[in-house]
Amino acid sequence: MKFGTFDDTRKEYVIKTPKTPYPWINYLGNEQFFGLISNTAGGYTFYRDARLRRLTRYRYNNIPLDTGGRYYYLYDDGDFWTPGWMPVKRDLDFYECRHGLGYTSITGERNGISVNQLAFVPMGHNAEVHRLVVKNTGSTKKSVKLFSFAEFCLWNAQDDMTNFQRNLSTGEVEVKGSVIYHKTEYRERRNHYAFYSVNKELAGFDTDREAFVGMYNGLESPQAVVAGEPTNSVASGWSPIGSHALNITLEPGEEQSFIFVLGYIENPEEDKWESLNVINKKPAEAMIAQFATDAQVNAALAALAAHWENLLSKYQIQSGDEKLDRMVNIWNPYQCMVTFNMSRSASYFESGIGRGMGFRDSNQDLLGFVHQIPERAKERILDIAATQFEDGSAYHQYQPLTKKGNNEVGTGFNDDPLWLILGTAAYIKETGDTSILDEQVPFDSDPNNTATLFEHLKRSFEHVTNNLGPHGLPLIGRADWNDCLNLNCFSTEPGESFQTTANIEGRVAESVFIAGLFVFVGPDYAEICRMRGLDDVAVDAEAKIDNMREITLTHGFDGDWFLRAYDHYGDKIGSKENEEGKIFIEPQGICVMAGIGVENGQAEKALSSVQEHLDTDYGIVLQQPPYSKYYLNLGEISTYPPGYKENAGIFCHNNPWIMIAETVLGHGDRAFEIYAKIAPAYLEDISEIHRTEPYVYSQMIAGKDAVRHGEAKNSWLTGTAAWNYVAITQSILGIQADFNGLKIDPCIPTEWDSFEITRVFRGDTYVIQIKNPNHVSKGVASLTLDGTAVEGNIIAPVGDGAVHQVVVELG
């Protein structure tokens with residue numbers, strides 16, 4: 001069942017009913033200020049850090065689920081409603097939500113009044129702009145009232161919802177003209193405040209939540225809206241909100257616009273105050289003045305559209321398959337940019353409180369956006385590297401506001417260091433900029449203890465070789481990519497963290513996955529060494545990579561597939577010897593991606609085993625059979641019910657590893673089959689089963705052992721976005737940035753005749769025609785650049801900034 005439709009021309013998803021199977025959301029903001037908004041106007045805003053600089057409140061685990069947002073109530077002679085349907089839930093004569101690139105437009109109509117709520121974060125501003133257009137669609141004159149509503153958070157979102165003995169006494173606001181200023185704690189250590197303005201004269205306002213909502217009312221029927229009259233309340237100590245009341249009179253066919261700005265301001269310490277306890281409002285007034293008219297708002301929207309047009313132009317496909325084209329050209333790279341901004345911190349599934357930016361996560365996310373914004377990718381790499389320790393290990397997460405490691409999560413995830421090599425290599429391949437390797441980067445965010453980025457990469461590589469177990473495989477530490485495979489935890493305490501608790505210390509538990517990742521990433525490290533003239537270091541690295549390859553084949557293969565790990569006792573995990581969890585997806589993908597077992601047929605066996613044991617109609621499950629009970633030696637993975645999350649759920653993050661692995665073996669039909677099973681645009685017709693947004697990937701889909709097989713969870717913020725983008729654009733469509741140029745190596749379904757890709761690379765634009773007259777999956781028979789034959793399949797950068805024609809024939 002479909003609940004909307006794609007509008008590819010406008011790059012929008014158009015939702016036709018507010019009653020979607022789950023809140024379908026969008027992200028606003030590209031730089032420092034961000035907002036989440038659902039198709040019913042729920043959500044929240046923050047500056048840079050969803051935990052430490054939260055502007056508005058949002059209540060998770062609420063009933064109804066999506067409660068709290070930036071709401072606008074229309075009061076019409078005793079009748080009141082909201083254009084996004086929620087929270088009032090009054091029947092609408094018309095409803096439509098259009099989620100676009102960095103903006104959302106929601107339209108509701110009732111009793112001859114239409115209200116359009118357009119929300120976006122303008123480029124270069126720390127503010128969310130909402131333009132409300134109210135139109136009289138009837139035949140008689142209308143006099144109505146418009147009420148805005150936003151509930152301010154007291155900055156630290158975790159403290160905001162726990163420290164009530166303090167927080168119910170700290171709320172402070174100022175009101176000046178049509179602007180409400182939220183200044184809680186500004187009198188002491190803070191130098192920042194929020195404001196909420198409208199570009200019209202007010203009929204009244206409210207800043208105290210109880211006065212506006214009522215002690216015994218909810219947001220579905222705030223008492224000020226029910227009465228049609230604001231109370232002009234000024235919050236003092238209690239929960240501060242922002243609500244403007246506006247009188248509107250409309251002739252038949254007339255419309256009026258109202259521009260609201262919800263913004264964030266920081267003032268220098270010496271310039272905080274206008275007078276005693278009166279905040280310096282000049283920066284806020286200057287920002288408000290830039291969005292006082294429709295013309296200014298339209299110009300900001302045009303700039304936002306141009307920004308996205310530029311980003312998306314870096315890679316475009318024309319294939320004749322509209323679902324493939326919209327994923328590659330619009331929605332997948334859009335999601336990659338959102339994950340760049342958010343990592344895994346702020347969504348409708350992640351509160352932004354418990355997680356910051358992930359070391360592993362952010363390095364993987366780089367793969368999906370480095371071609372769009374390489375300069376910001378460079379900044380991100382240096383931020384990530386600064387949370388590394390001298391021994392090559394790293395904080396697993398860091399807070400984006402402080403850029404310091406997160407002590408609450410700590411370190412010891414032994415795959416983390418290798419991802420820094422992968423992310424850095426991706427940046428150098430895309431840009432050719434090796435100067436990043438000479439950047440001085442702190443250890444543990446200590447500016448007095450620094451080394452070059454290259455030295456950080458060296459220690460990342462050596463962290464693996466310095467931490468090997470009994471079989472010569474890498475020690476797993478707290479966990480590897482699968483945070484829930486906790487082989488050193490042994491937890492029996494309820495509520496104890498599986499990821500930060502190690503009740504048994506030992507250097508026995510080993511990861512075949514990290515071994516595969518080491519062999520996959522290692523050649524990039526060796527090549528970087530050679531770029532720096534360190535041939536002896538490169539040769540030594542290659543010897544260690546070759547050794548790990550052999551060890552993996554000897555001790556990491558179980559006859560028909562790769563093992564997952566060895567546990568604390570040295571027993572096999574992911575083996576046919578196990579009763580449950582006999583085969584895992586991760587090592588089959590990463591080891592074949594690394595080329596392990598390709599020459600002797602073991603890779604072929606592994607992927608055949610994946611298809612036989614792990615495949616389903618909705619994607620490939622993580623392992624089989626699922627765990628039916630809690631295994632003390634395995635940790636969190638065995639706590640989930642069968643078919644969910646890491647216990648045999650379909651993890652969309654590692655499905656593309658199998659896609660890529662299939663292309664290594666030349667299986668183009670199989671690779672694309674897996675791709676289409678989990679790509680959201682291909683799932684739009686089963687949205688009642690899938691539930692999450694049909695325009696972005698989710699982290700997990702319930703596996704075949706689950707009660708609700710095919711139901712997705714945890715959409716938007718997932719490494720799924722980057723890895724699926726890599727799988728389709730680089731491995732299947734076959735356009736890959738390499739150290740020496742642009743590599744052309746498609747692996748496609750045999751039935752495909754041709755397709756065309758436009759790829760911007762190091763300042764040049766390449767229009768690449770791929771022809772497949774012999775209907776093969778893989779193999780470049782000929783390649784020409786501007787009519788001249790090129791030997792091999794790598795196009796060296798031309799460097800003239802011009803458009804170049806590339807013709808490739810497969811055979």
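Start with the lining of the largest pocket, which by class has 19 nonpolar, seven polar and nine charged residues. Here Ala, Val, Leu, Ile, Met, Phe, Trp, Tyr, Cys and Pro count as nonpolar, Asp, Glu, Lys and Arg as charged, and the others, Gly among them, as polar. The model is predicted: local features need pLDDT of at least 70 and side-chain atom pairs count only at pLDDT 80 or more, while totals for chains, interfaces and linings use all residues. Residues are numbered from 1 along each chain as its sequence is written, and side-chain values use heavy atoms, with hydrogens and water left out.

**The largest pocket**

The volume of this pocket is about 1000 Å³. To centre the view, select K429, F520, Q730, Q736 and K743, which are the closest to the pocket centre of the 35 residues that line the pocket. Then colour by element: α10, α12 (512-531), α16 (655-664), α19 (720-732) and β38 (735-738) each give two or more residues to the lining. The largest share, six residues, comes from α19. Helices (H or I, at least four residues) and strands (E, at least two) are DSSP runs, numbered from the N terminus.

A pocket is found on a 1 Å grid over the protein atoms alone, as an open set of points with protein on both sides within 12 Å along at least five of seven lines; a cavity is a set of points where a 1.4 Å probe fits but cannot get out, and lining residues have an atom within 4 Å of a point. Grid points are joined across faces, edges and corners, and a volume is the space filled by probe spheres set on the points.

**The cavities**

The largest cavity has a volume of about 40 Å³. Select T56, R57, R59, G68, G69, F149, A150, E151 and L219 to show the lining of the largest cavity. Strand β13 (residues 142-155) gives the most to this lining, with three residues. The classes are three nonpolar, three polar and three charged residues.

The second largest cavity, of about 30 Å³, is shown by selecting C652, I678, P680, L683, H690, V696, Y697, S698 and I701. Its lining has seven nonpolar residues, two polar and no charged.

Two packed helices are described by the angle between their axes and the distance between the axes. Axes are lines fitted to C-alpha atoms, for helices over the stretch in contact, and angles run from 0 to 180 degrees between N-to-C directions.

Select helix α8 (residues 359-369) with helix α9 (residues 374-385): their axes come within 10 Å and cross at roughly 165°. That makes α8 roughly antiparallel to α9; angles over 145 degrees count as roughly antiparallel, under 35 as roughly parallel, 65 to 115 as roughly perpendicular and the rest as oblique. The crossing is left-handed, a term for a near helix turned anticlockwise from the far one by less than a right angle. F359, S362, N363, L366 and F369 of α8 make the contact with A377, R380, I381 and I384 of α9; contact means heavy atoms within 4.5 Å. These residues divide into six nonpolar, two polar and one charged.

On α9 the contact uses P374, A377, K378, I381, I384 and A385, and on α10 it uses L420, G423, T424, Y427 and T431. By class, this contact has seven nonpolar, three polar and one charged residues.

**Helices α6 and α7**

Now take helix α6 (residues 294-312) and helix α7 (residues 322-342), whose axes come within 10 Å and cross at roughly 100°. α6 and α7 are therefore roughly perpendicular to each other. The contact consists of W308, L311 and L312 of α6 and N329, I330, P333, Y334 and M337 of α7. Seven of these residues are nonpolar, one is polar and none is charged.

**Backbone stops**

Finish with the backbone. I63 and P64 are joined by a cis peptide bond, with omega about -5°; P64 lies in the loop between β6 (54-56) and β7 (71-76). The peptide bond from M86 to P87 is also cis, with omega near 0°, and P87 is in the loop between β8 (79-81) and β9 (94-99). Last, select D77 in the loop between β7 and β8: D77 is not a glycine, yet has a positive phi of about 55°.
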